[in-house]
Amino acid sequence: MTPTTTGIQYRFTRCVTDPAVAGEALSIPNYGLNTDAPSQLVMNDRRELAQRLGMPILWMRQTHSDVVEVVDGPISSHENSVTADAVITRSRMALAVQVADCVPVLLWDEKTGTIGAVHAGRAGVEKAIVAKAVSTMAGLGCSTSDIVAAVGPCICPKCYEVGQDVYDALVAKRPEVAARTSWDTLSVDIRAGVVKDLENSGVTNIIQDDACTFESAHLNSYRRNPRCGRQIGLVAYV
């Protein structure tokens, strides 16, 4: 975990095994319950992570929605206990966002001790879920100028090929995501949409881990292998 100055820590995990290797579709560790891995193995990975942190972790049941939930008090379950694609809290706990191509976004305001975790895929970018999460934090008394955002690894536009219908529908709403793949076909840049929403919301302190999930040997990519596991973005108020 990377510490900040006032007790907030964050990280974007990597896999120990190479999920791109044939026969190793499910990475170690694997934090995704909605994968082909036995649920007990995933629960063990989640349990071990919570033990290392010394605090409970809130796991979302992510549905590519624009639902932002404010959570009070630690939730001790290792299950996906909150149905949302963004969670905000001021409790001393950790928040996790599971990804395998989508953008994990971690938010924090050190002055108020508020943290947030956001799952932003193509649907989330279209629905501006990151902007909604920042707005929710502002509604809790955070100043957007004090909010820090960490934007984690996701599939890059050089690798994220989409069809004409998907491209047209998203670019009509979010023109900043228009892109081309490295083989010169239609693509969308979901990271660009996330960053644009942060900037438009008044968040200027943005940290980026710009690794591409599709290209990295130590990141899961659903586009590369639909049987893959899940890595996470993790933010904790300790």
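Leaving aside neighbours within four places in sequence, Val 103 is in contact (heavy atoms within 4.5 Å) with Val 118, His 119, Ala 120, Val 151, Gly 152, Cys 154, Ile 190, Arg 191 and Val 194. This is a predicted model, in which local features need pLDDT of at least 70 and side-chain atom pairs count only at pLDDT 80 or more, while totals for chains, interfaces and linings use all residues. Residues are numbered from 1 along each chain as its sequence is written, and side-chain values use heavy atoms, with hydrogens and water left out.

**Nonpolar cores**

- A nonpolar core is a set of buried Ala, Val, Leu, Ile, Met, Phe, Trp, Tyr and Cys residues joined through side-chain atoms within 4.5 Å; buried means under 20% relative accessible area, exposed over 50%, and partly exposed in between (1.4 Å probe, protein chains only).
- The largest nonpolar core has 35 residues, and Val 103 is among those with the most contacts inside it, as are Leu 107, Val 118, Val 130, Val 188, Val 194 and Leu 198.
- Two or more residues of this core come from each of β6 (86-89), β8 (103-109), β9 (114-120), α3 (129-139), β10 (147-151), α4 (164-173), β12 (186-188) and α5 (190-200); helices (H or I, at least four residues) and strands (E, at least two) are DSSP runs, numbered from the N terminus.
- The element giving the most to this core is α3, with five residues.
- Another core, of 22 residues, lies apart from it and includes Ala 84, Val 97, Val 99 and Leu 106.

**Thr 63**

- Thr 63 sits in the loop between β3 (57-61) and β4 (68-71).
- Thr 63 counts as partly exposed because its relative accessibility is 36%.
- Not counting residues up to four places away in sequence, Thr 63 touches Thr 83 and Asp 85.

**Cavity and pocket**

- On a 1 Å grid over the protein atoms alone, a cavity is a set of points where a 1.4 Å probe fits but cannot get out, and a pocket is an open set with protein on both sides within 12 Å along at least five of seven lines; lining residues have an atom within 4 Å of a point.
- The largest cavity is lined by Phe 12, Thr 13, Val 99, Pro 104, Pro 153, Leu 219, Gln 231 and Ile 232.
- The largest pocket has 21 lining residues, with His 64, Cys 102, His 119, Tyr 222 and Arg 230 nearest its centre.
- At least two residues of the pocket lining come from each of β3, β7 (94-99) and α2 (122-126).
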